[in-house]
Every structure is written in C-alpha cells, then in structure tokens.
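Dear colleague,

I am handing over the structure below, and after it you will find an account of what turned up. Please read the two together.

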Amino acid sequence: MVDLLIKQVTEGLSPAEQRALDVLDSEVASAYSRDLERAAAAVMLAGSSTQQPLPAALAERVAQQAAAHFASPPKIGDLGAARAAAVDAARTSAASARPAPRANRSGAYGWLAAAACLVLAIFAWQRSPSPPVAPVAQQTPPPVIAPPAEKPVPPTPAEERAALLAKSDSLKIPLAATKDPAAAGVTGDVVWDPVTQRGFLHFTGLAANDPAVHQYQIWIFDAGRDKRYPVDGGVFDVPANTAEVVVPIRAELMVRKPAAFAVTVEKPGGVVVSGREHVVALGAAG
Amino acid sequence: MLQRIASGDAAAVRECIDQYGPLVWSIARRLSRTPSDAEDATQEIFLDIWRSAGRFDASQGSDKVFIAMIARRRLIDRLRKTSAEPPMDPVEALETVAWADPGTASETAIEAEQATRALAELRPEQRQVLELGLLHGLSQSEIAARLSMPLGTVKSFMRRGLIKVREYMNVDAKGVLSEG
C-alpha cells in the first residue's frame, strides 16, 4: 500500500491502481497519504528557492478569474463541503482518466465535421465538478405588479442577452441538436462577448430536468487551449413546462478565442469525467 | 490569508497572487511542456486555491505548503492527461533546480528547511530520483529509463526519500529536532 500511496503522490495512479487503493483505503492510509503529500510539497519548495515573477498579463487574468469566481452565485457557499472537495476530486479524476482521442479536426471539414470531432473530444473530458450557475432564467413576461419606480429593475437574462447581442464585438453562434434523444427538437444559440467574458445560451425545446437526477452542463472550447479540456461554463436546470430558456454562462477560466460551445447532461453539480452519450447541443464558431 | 480568501476578501486574493504567484508560476513552468500550458495550469491552480482556501488548517502546515500541494495535484493531473512524455529533458531539468540553502531554507518555509535537511542525508542517486520525480514530474518508469536504473530501485529510493522527509517533518512538528 505504501508503494501505491507514494505513486499516487508522485505521479498519480492508473484506474486499476486507484481501485486497488480504494479497497485498501482507511483513515490511516489517508493520513499517511497527506503526510507524503506534504513531504513532496516540501521537497518542491526546497527545490524552488529561485522563482520567476508571474507575468503581469497572467497575473491580471488570474485576478479577473478570481473576481469572476467570487462574484458568481453561489459565492462563498461554493467553498462549502460539496465544492471544497474539488481539488481532491480532480486528483481522483486523473486516476480514472481515459486516453484522449488522437484525431484532429481540419478546419475544412465544415460544421458537421467539427461537431463530430467535438463529440469525440467530449468523450475524453475530465473535468472538476462544475459550480452551479444561477437558476435558469425563463423568457417570462414582465411582472404583473411593477416594482416601485425608484427601485431599478434588474434586467432579466433575456434582456441581458439582447443587450449583449447588440454589442458590435459580440459573437452569435447557432446551436444544433445532436442525435441524443434528449436533444430532440432543440434549437438555440450562444451569444458571447469576448471582451467581458459574458455570454448566454438560448434554447427552445430543451427537455426539463430533475436537478436531483441530472443537470445540464456547459462547455466552451477555446482555440487557445487543448481541445480535450474545454472550459467549464457551469451547470443549469430547465424547469418543467418551459418552452424557452436563457442561461448565463459562467466561465471560470479566461476564454481567449471561443471555438465552440456544447451542452451535456451530467449528474447533479456537474462531472469530473463527462458521460459520453449525452451531448444535447453543439455550436461551432465561424 | 487563506481564511480571508475563503471569506471572499478581495484584498487577500490580490495579496495571494502577489505573494505566491512566482511560486506557482515557477512550479507550473517546470512541470508543463510549454509556456502556454504553464499559463493554463497557473490559472487552474489559483482557481483550486480559491475553492480550497476554506479547508486550510494552519495546524497542518504553512500556507506555502498548502499552496504547493494544490499546485502539485493539479500539475500531476495535467501531466497524466496531456502527455506520457516528460515535461523537459531531465539533464536540462537538473541544471535548473535551485535547492534552498539549509541555512536559509526556513525563509522559504519551515517545511522547506526540514526537507533540505532530510535530503542532505540521502545518497546522491537517491536525491536525484526525488529531484526527477518531484521537481520535474517524471514517472518512476521514466526515471528508471533515464537513469538506467532498475524500476524497483527507483521505487525504493523514492519511498525512502519521501519517508525520510516525512519523518523530519513529523519529528520537527513534535519539537524533537527543533533547534530552538
């Protein structure tokens, strides 16, 4: 078991090794593993006495990402028990990682080929659990009882989407349904502002979900990143009897050049390793 | 600082980036294949830090070790996902390691000093195995191939080295080896 714990700490485990360790796992093993991790980190610190300054542009992106993270609902609750295990979960995900598909997508394939490649890429997704985004905003009529005139009325997601769409530098990307049964009749689009890193998905025909059973999860493929690891855009729900929804995208990482957007059906809270069979919508930029 | 981050203190977030950005960036550069990968990794590591800050327990170690642990986990994940290849040539890697001086390592973190003292007791080849594995992200099999060393020997060196460091840290935690 010590050999497995050391391998886990130094290079990660294969799925079979992880399963073997899970069988052996105990409080003693967990405590030992933490000690080894601390030891490995200490060695790393001892060998890092000379450090390079963090590039200013990267520091700014990290700061922006932090601002977005702490501004996204749920705020500090996100750091609670469910989400606080994200790092551990990420490590576990590595242990169950599947080899990534090697096929590359040619720019000349056109949208359908791009979508097919995206599905392949989705097969290899290994992601940290997704933070929930704000509840799905329906395109509902204005409230029957108007608020007091002196209080500003916050815009609905539909209104925010419309405002974003009006900006000259925003992108509008059509979303197409896949052959997944849950995607039958789905149409929609993505509006994304690369400057503010804000965006919205707009759907009609997306089936209602039971949040206790599964949730929808948004993924953004960034041309500046490895396409096997799209940026998590958050999870969302579709209430029953909702024909049309507008969903804010909560990208936790900077998206430099959005190449495509996708929506999958996942377990509540999002996934560490995405399921392969429930891609309900895909959209590729230009 | 980490407790303040957990409560959403924007100033603490900025302070964390300023104070630990060079550490995270340096580790990410060393364990990533390209500068672009290192940039992505750095952002992911800080996101993990924001998410995990609430779990920091000062009685379990310094904030610097906590952050280094988070960075290592994320980078190991990325190495496993992205490539079977080592991040860089090990010969080059060895040249870039800047070990803390035993007399000044405590300025980095008390744990770094403990590790430095433990490493000083290892044979050079044992220490080299730890360097390649922990500082440069090579797997034990890769280390065996690079050093033309039996895999069992690599595992043994890694195990003994880590246990030695762990012992120093645990013993020091009890004050037995503390120099006062």
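Chain B holds 10 helices and 0 strands, where helices (H or I, at least four residues) and strands (E, at least two) are DSSP runs numbered from the N terminus. The model is predicted, so that local features need pLDDT of at least 70 and side-chain atom pairs count only at pLDDT 80 or more, while totals for chains, interfaces and linings use all residues. Residues are numbered from 1 along each chain as its sequence is written, and chains are lettered from A and ligands numbered from 1 in the order in which they are written.

Of the 180 residues of chain B, 51% count as buried, a word used when 20 or more other C-beta atoms, placed from the backbone, lie within 10 Å of a residue's own.

Turning to the two chains together, 68 residues of chain B are in contact with 53 residues of chain A, contact being counted when the C-beta atoms of two residues, placed from the backbone, lie within 7 Å. Helix 4 of chain B supplies the largest share of the side that touches chain A, namely 13 residues.

Best wishes

Notes
A residue is buried if 20 or more other C-beta atoms lie within 10 Å of its own, exposed if 12 or fewer, and partly exposed in between; C-beta atoms are placed from the backbone.
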